Amino acid sequence: MARALAEFARSLVRASTWRLALRGLGRQPRRSAIVLVAVAIGLGSLLVAMALQYGLVAQMAETAIRTEIGDLQAHAAGWKDTAPLEARLLEAESLAALSRARELAGFAPRLRGEALAQSPLASVGVRVLGVDPEREGSVSTLSSFLHEGAWLDAPRRLAIGAGLARRLRVAVGDKVVLAVQDVRGDLTGEAFRVAGIYRAPSRELDEAVAILRLDDAQRLFAVAGEISELAFAARERGALEAPRAEVARALGPGVRVETWRELEPMLDTMIALFDQIGWVMYAAIFVAMAFGIANVLLMSVLERAREIGVLLAIGMPPARMVAIVVTESVVLVALGVAAGFAFGFAVIFALRDGIDLSAFGDGLRAFGVPTRLTPVARSGDVWAPLAVAVVTALLASLWPALRAVRTRPAEALRKA
Amino acid sequence: MSTLDARAVSKLYALRGIETWALRDVTLAIEAGEFTALAGPSGSGKTTLLNLFGALDAPTSGTVTLDGTDLSLLSRSELAALRLAKLGFVFQAFNLIPVLSARENVEFVMELQGVAAVARRERALATLAEVGIAELADKRPLEMSGGQQQRVAIARAIASSPRVGLADEPTANLDSVAASKLLDLMERLNRERGVTFLFSTHDARVIERARRIVRLRDGGVVADERGA
């Protein structure tokens with residue numbers, strides 16, 4: 001067995017093995033071309049599908065991160081088990097502690113609470129988000145969604161989504177009363193004028209959030225100088241451990257620092273799920289491909305039975321015969337994969353400006369999906385199919401190779 | 001010790017439930033340097049016996065040895081190595097590799113033997129010249145006549161310096177002139193290089209050139225005639 005494997009390995013680098021394999025494929029150019037095109041289209045389509053799928057997920061994550069979550073957030077420990085106002089951090093102390101942070105591109109304090117928004121014509125339960133208008137821009141793109149009016153340009157102004165404006169039946173300049181239960185448990189309220197109306201990429205932000213200046217929110221909930229959370233933008237999205245450690249060190253014990261993946265486990269799970277689906281798609285394509293290649297090689301082996309009989313008769317080692325069939329398979333798959341990459345990446349390049357999905361805008365916004373879908377190719381989209389293709393080529397050639405090796409020279413020559 | 005030795009060899013073919021004895025209890029020894037014809041009508045067992053001597057097939061019963069080695073004890077790989085080292089084949093249908101040129105066909109056996117590229121190229125061209133078709137070195141089989149292809153087959157068989165040449169109806173697809181030239185070549189190789197030749201034929205012109213004639217009929221040896 002070891003000797004046969006050594007002979008097989010030696011055969012793979014012999015010029016005559018490649019010559020016989022290439023000329024063997026060239027003998028039925030149309031058949032080889034059909035398989036090659038099938039592999040190319042299958043792989044190319046898969047690459048495009050994967051790039052669109054990843055683009056969708058990446059944009060969903062990007063939207064979630066840049067709209068509101070940030071790369072990291074810090075809260076008082078136990079914040080998930082309590083009402084929004086119960087777990088708070090000291091604003092000035094926290095900001096001072098973070099002033100020397102090197103791993104962060106930006107950070108912003110926020111206060112979260114719940115309120116009943118009332119207009120003369122309607123009442124809607126909303127989430128209140130108090131932000132520092134100047135700092136918030138370093139973490140999120142909330143202000144970029146402004147569609148009408150101004151962005152928290154003065155005290156006692158608020159910004160609401162177009163959906164919420166519709167529900168409350170208010171416009172820019174109208175008054176909205178926010179009725180809340182403050183931190184002491186007292187029912188209280190305050191009137192705000194609608195300064196701006198934004199159009200957010202997520203339905204919840206669009207229909208159920210009222211954004212105030214941080215000091216207005218602190219006054220409303222009677223938590224002066226205190227905040228619910230700190231949101232952070234890291235310098236690199238892929239390297240969050242260093243900034244997380246830096247923030248944790250700066251803010252000290254009693255503060256929980258989490259990444260966006262931990263804050264949005266559903267999104268994280270969805271990304272992982274899409275990756276798994278990707279592998280299933282790869283497997284499906286390559287299993288189909290393997291059968292196609294095996295079929296072509298097997299036909300080729302059966303058609304060349306006499307030639308194989310002659311090769312074995314003149315003393316060619318069986319391992320060399322296996323090497324020739326495997327080489328044919330590898331060449332076929334390699335050409336198909338190369339053509340598939342060219343096709344797939346050409347389509348991805350052609351779609352670089354994205355596909356306009358605005359016709360489905362309302363439905364997509366409900367899931368935080370952007371209305372322009374841009375394909376995103378990753379290095380894994382190259383290496384994964386390449387690795388699977390090599391394995392496929394080897395597996396697909398095994399059956400025909402064994403069939404070739406089992407050829408009885410006398411029988412093959414007699415049939416001739 | 002004989003070069004080729006078949007002892008009590010029988011071969012049964014079973015095709016779709018129909019059993020046919022191709023050889024029955026054949027015992028035959030071929031000594032080194034012989035120039036032997038296996039003669040007999042179609043179906044007499046000539047090709048089957050050649051295939052058994054050439055380690056291309058296994059007998060149903062009996063033993064076949066090559067230089068004293070019992071072929072039934074060898075694996076596929078060992079049989080391939082034995083064929084490569086000691087045997088040269090010439091087939092009735094030429095059986096060249098169609099995707100290789102004449103030179104590449106001849107070179108291929110030497111490559112399997114591990115001959116270096118430059119040496120095997122030189123030897124392939126020299127061998128093609130020896131069989132009189134040097135000018136066809138770069139032609140593929142389909143671009144050659146039957147006689148030319150058979151000469152390439154001979155060149156392929158002898159380029160590897162075999163001890164034994166096995167030829168199955170080597171002149172069957174050749175005209176009389178080409179057949180005569182081929183036999184001249186085989187005789188010269190036998191005489192000058194000491195290659196043992198065993199060939200099957202039912203052509204009277206070929207039979208009369210053999211120094212030993214083994215006649216087969218219905219799978220059995222019916223006569224073993226030695227000439228001068």
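A nonpolar core is a set of buried Ala, Val, Leu, Ile, Met, Phe, Trp, Tyr and Cys residues joined through C-beta atoms within 7 Å. A residue is buried if 20 or more other C-beta atoms, placed from the backbone, lie within 10 Å of its own.

This is a predicted model, in which local features need pLDDT of at least 70, side-chain atom pairs count only at pLDDT 80 or more, and totals for chains, interfaces and linings use all residues. Residues are numbered from 1 along each chain as its sequence is written, while chains are lettered from A and ligands numbered from 1 in the order in which they are written.

**Stop 1: the core.** Select A:Ile293, A:Met321, A:Val325, B:Leu38, B:Phe53 and B:Leu198; of the 123 residues in the largest nonpolar core, these touch the most other members. Then select helix 13 (residues 318-350) of chain A, which gives this core its largest share, twelve residues. Helices (H or I, at least four residues) and strands (E, at least two) are DSSP runs, numbered from the N terminus. Another core, of 54 residues, lies apart from the largest one; among its residues are A:Ala108 and A:Val257.

**Stop 2: A:Val325.** Which residues is A:Val325 in contact with, leaving aside its neighbours within four places in sequence? They are A:Leu297, A:Val301, A:Ser397, A:Pro400, A:Ala401 and A:Ala404. Two residues are in contact if their C-beta atoms, placed from the backbone, lie within 7 Å.

**Stop 3: helix 3 of chain A.** Select residues 29-69 of chain A: this helix has 41 residues and reaches 56 Å from its first C-alpha to its last, close to the 60 Å expected at 1.5 Å a residue. The expected span is 1.5 Å times one less than the number of residues. A:Gly70 follows helix 3 of chain A and has a positive phi, near 85 degrees.

**Stop 4: a sheet in chain B.** Four strands form an open antiparallel sheet in the order 2-1-4-5. Strand 2 (18-30) and strand 5 (69-70) of chain B stand at the edges with a single partner strand each, so one side of each has no neighbour in the sheet. Strands pair if DSSP finds at least two bridges between them; strand 4 (residues 61-66) and strand 5 of chain B pair over two bridges. Find B:Leu66, which stands opposite B:Thr69.

**Stop 5: where the chains meet.** Here 21 residues of chain A are in contact with 19 residues of chain B. Helix 2 (15-27), helix 12 (305-313) and helix 16 (409-415) of chain A each give two or more residues to chain A's side.

Key:
A residue is buried if 20 or more other C-beta atoms lie within 10 Å of its own, exposed if 12 or fewer, and partly exposed in between; C-beta atoms are placed from the backbone.
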